[in-house]
Amino acid sequence: MSITADYHLHSSFSGDSDTPMEDMIRQGIALGLTQMCFTEHNDFDYPVTDATPAGLFELNPDSYLYEWIKCKEKYQEQIHLCFGVELGLQPHLARQNAAFAKACEYDFIIASSHICNGKDPYYPAFYEGRSQEDAYREYFESILENLKHFSNFDVYGHLDYVVRYGPSREEGYSYELYREILDRILDKLLEMEKGIEINTSALARGMREPNPCAGILKRYRALGGEIITVGSDAHATAQIAHAFDRAADILKDCGFRYYTTFERRSPSFHKL
């Protein structure tokens with residue numbers, strides 16, 4: 001396995017995982033990882049439903065940090081652990097997210113779009129009453145709007161997250177179909193000197209391509225993008241480092257020769 005750092009991981013400190021951090025670490029060690037970065041969810045103003053009570057995705061950074069320090073010390077001879085967070089962006093939350101990001105000394109911050117105009121594309125309601133193409137386009141437009149309001153992050157997570165959950169998922173979807181808006185997003189990220197991730201969760205769900213798809217990855221590289229982290233988006237031990245060999249092949253095919261890790265918000269590059 002040429003990629004030995006998983007930089008998108010969730011434990012029981014995230015509202016949608018019940019896996020203890022220590023279990024995740026032990027599995028990472030067993031898989032031969034040299035680095036793991038926990039990126040617990042923080043999504044302010046996540047829509048409240050019976051399934052998602054208020055505050056479900058609001059992180060307690062103090063308890064998270066306390067457990068992370070204990071694990072870092074316990075396993076320091078076996079694996080290098082980094083302290084990260086995945087911030088769910090919405091334009092009206094820019095100041096709140098900025099304050100949250102500054103409150104702890106994170107090694108790494110993923111910015112993600114989980115909520116688009118008040119709805120999570122995870123749920124069918126996001127797609128009701130319109131075409132899949134219109135829904136996907138609205139999601140991409142919301143990313144560009146987030147980038148106008150918030151900049152304290154290192155990479156943007158799963159850029160085409162919406163494709164995981166659309167009525168036809170990746171059928172009928174391609175970079176070329178949304179090229180105009182996707183190029184604007186990539187140009188903005190490069191202007192901001194930010195990276196992206198290759199997220200293998202879609203592959204674990206049986207999809208043909210990761211998030212984002214190879215077309216976006218190839219275009220980002222062609223535009224001069226170099227910063228790319230690799231994450232499984234694991235919420236349980238069985239998902240850690242899923243399809244990392246395939247991710248390495250995809251990155252190489254798209255023109256990448258290195259993948260990225262972060263510590264104290266500073267990137268390091270590792271040969272694929």
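**Note on the sheet and core of a predicted model**

1. Seven strands make up an open sheet, ordered β1-β2-β3-β4-β5-β6-β7, with parallel pairing. Its edge strands are β1 (5-9) and β7, each of which pairs on one side only. Strands here are DSSP runs (E, at least two residues) and helices are likewise DSSP runs (H or I, at least four), numbered from the N terminus; two strands pair if DSSP finds at least two bridges between them.

2. This is a predicted model, in which local features need pLDDT of at least 70 and side-chain atom pairs count only at pLDDT 80 or more, while totals for chains, interfaces and linings use all residues. Residues are numbered from 1 along each chain as its sequence is written, and side-chain values use heavy atoms, with hydrogens and water left out.

3. Strands β2 (residues 35-42) and β3 (residues 80-88) run parallel and are joined by eight bridges. Within this pair, Thr39 lies opposite Gly84 of β3.

4. Strand β6 (residues 195-199) pairs with β7 in the parallel sense through four bridges; Ile198 has Val230 of β7 as its bridge partner. Strand β7 (residues 228-231) is covered on both faces, with Ile228 and Val230 buried on one side and Thr229 and Gly231 buried on the other. Buried means under 20% relative accessible area (1.4 Å probe, protein chains only).

5. The largest nonpolar core has 85 residues, of which Phe38, Phe140 and Ile185 touch the most other members. Helix α4 (residues 132-149) contributes the most to this core, namely seven residues. Such a core is a set of buried Ala, Val, Leu, Ile, Met, Phe, Trp, Tyr and Cys residues joined through side-chain atoms within 4.5 Å.

6. Leaving aside residues up to four places away in sequence, Phe140 touches Leu159, Asp160, Val162, Tyr173, Tyr178, Ile181, Leu182 and Ile185. Contact means heavy atoms within 4.5 Å.

Note on methods
Buried means under 20% relative accessible area, exposed over 50%, partly exposed in between (1.4 Å probe, protein chains only).
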